[in-house]
Amino acid sequence: MCGIVGFMSRNTPAAGPLVSGLHRLEYRGYDSAGVALVAPDGLRVYKQTGKVAELDALLKRELSEEDRRRCTIGIAHTRWATHGLPTRENAHPHLAGGGTLALVHNGIVENYASLRAGLEKRGVQFVSQTDTEVLAHLVAHYDQGDLLAATCKALRRVEGTYGIALVSAKHPGEMIVARKGSPLVIGVGESDIVVASDVSAIVAFTRQVIYLKDGDVARITPGSVDIHSLDNAPVSREVQEVDWDIGAIEKGGYEHFMLKEIFEQPDALRNTIRGRLDPTGGTAILSGLNLSPRELAAIRRLVIIGCGTSLHAGMVGKYLFEDLADIPASPEQAAEFRYCNPIVGPDDWVIALSQSGETADTLAAVRESIRKGALVSGLCNVVGSTIAREAGRGVYLHAGPEISVASTKAFTAQVTALLMTALKLGRTRRLSREEGIRLVAEIMRIPDLISAVLERNDAIARAAEKHANANDMFFIGRGILYPTALEGALKIKEIAYVHAEGYQAAELKHGPIALLCPKTPVVALLADIPGKEKTLGNVQECRARRAPVIGLVTEGDSEAAAAVDDAITLPPTSRELAPIVSVVALQLFAYHVARLRGCEIDQPRNLAKSVTVE
Ligand code: F6R
């Protein structure tokens, strides 16, 4: 989604760092970009639809050498359209106060129509269709000489969410930033200060950061950061150190971030698991959950909420919790859960899954569950993210930054974290120590099992070659492998633009089978775990309709290999690990199909990395 960068320095020209910060945020998805620089005689504003490279080219053409050198303060933005088309007029920064004030914004001003009507009555003329422009005019309207006070006053009138950064030619040495429901981080370097909506735009400058909290408004000058509440009272926030560096967000020789992240999974999962298993007690140590055995024993039901890939991981969680802990678990799409009078209370444990920790629907569901008195935990990847903080307790995935829009390592890390959670919960209930010890050993095998799947990359690429021209595909799985079928279909939709559907293997014959023909490949999840025989029956039904079947089969399972047109072999695995082992092959399959179709893999059309609007 939209991205914000701000730069404040005494001597360093701002244009370069702003553009490189925007490049770092490109992975989030956007459709236009813009920059505002503070020059001694006023603002310089440049906007462009399309890519950051085009904005950069515009700056090279139109920003004079003198301005480039002397503008050491500025703000920049990548926009993912919500209100109004992706045009130059709607791109940020938005101007107010006769072009003296420039503002960039992430989030949504829900009451923008009434605010806009009020400003129009006072003679303000709007040039865009955005909600953001209202914010710029409101701040300019209240500016009586104190920019921070004017911003606080304006923001107090706003309903909705925002991360903002603004500069003003009337206050040339300062920048104001604020957040509510949309992340904003301040990087405090030795001599310069960098602001961004995502820490990945900051780590090239510094790893010392301040995470603003909701309701914080900060005045930044060269060398100082003063944080206030919306009532303009000073607040203090600690400077924290980011625990990864720039290498983690570079491609490291891979053609795409997605491929890098698929191949990173053995290490990512080692980090997810590290220090969290007790091989002697046969349990998991998840101190971040902060739940006593008594609290765990009192839980009657689990609700696992998430969106997209995180929801699919949650669906795997249902099988894990029900099998290992004998406890009913329902996965719920976060927005549906939130708006359907969720029936949760003190006996329910709501687990929110989110890579980014910022997904608006999941966050809203977390808040609603807290309000209803449920026990709430977050399983997030991004440290310090809103869901992680508001849930208050949880498990960090420690999978490292995920840059590719299509989520890969977060899924396997989420399933692993859910498996450890189910093990812990199971051990307070029906699971024996022996079973616990077996599971601990299984979990420790995950990184090596994933490496074994990655070794099959070439074979998977060959299978992808055969089917890269298909316009429709089906993915089928049974039981614990059904969510993996959904995930395989989602990956190929997202990055290869192939229409794909995931089904429970048994469901295909209840309607969708009508679509099968030689042009509709079916990917069947056939790992050798209970239920496989039945899925093999479904495979026969597909082949009888002449649909080519690609089977993900266990090495040595000649029966399954013979039953499909193309077999991709997987290392033998237990039932609990089958989703992880199978999904890695599907990630690679989707990747190769997308590559062969010439798709822009890391930034698929219309998608955003972190969906911060409901
Ligand atoms: C799919 C994908 C999305 C996200 C979804 C939730 O590849 O990336 O479906 O999984 O938007 O995002 P998080 O996990 O950040 O809450």
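Tutor: First, what "around" is going to mean here: a residue is near a molecule if one of its heavy atoms lies within 4 Å of it. Keep in mind, too, that this is a predicted model. With that cut-off, there are 14 residues around the ligand, and the ones that come nearest are Ser310, Ser354, Gln355, Ser356 and Thr359.

Threonine 359 puts a polar side-chain atom 2.4 Å from an oxygen atom of the ligand. Serine 354 also uses its side chain, with an N or O atom 2.6 Å from a ligand oxygen. Glutamine 355, on the other hand, comes in through its backbone: a polar atom there is 2.7 Å from an oxygen atom of the ligand.

Two elements give two or more residues to the shell around it, namely α10 (308–325) and α17 (482–496). Sort the shell by class and you get eight polar, four nonpolar and two charged residues.

And the wider setting? The chain is split into domain 1 (3–248), domain 2 (257–444) and domain 3 (448–602). Domain 2 and domain 3 each supply at least three residues to the ligand's shell. For scale, the C-alpha centres of domain 1 and domain 3 are 45 Å apart.

Definitions and conventions:
Residues are numbered from 1 along each chain as its sequence is written. This is a predicted model: local features need pLDDT of at least 70, side-chain atom pairs count only at pLDDT 80 or more; totals for chains, interfaces and linings use all residues. Side-chain values use heavy atoms; hydrogens and water are left out. A polar contact is a pair of N or O atoms within 3.5 Å; within protein, one must be able to donate a hydrogen and the other to accept it, and residues adjacent in sequence count only if both atoms are side-chain atoms. Helices (H or I, at least four residues) and strands (E, at least two) are DSSP runs, numbered from the N terminus. Ala, Val, Leu, Ile, Met, Phe, Trp, Tyr, Cys and Pro count as nonpolar, Asp, Glu, Lys and Arg as charged, and the others, Gly among them, as polar. Domain bounds come from an automatic or database domain assignment.
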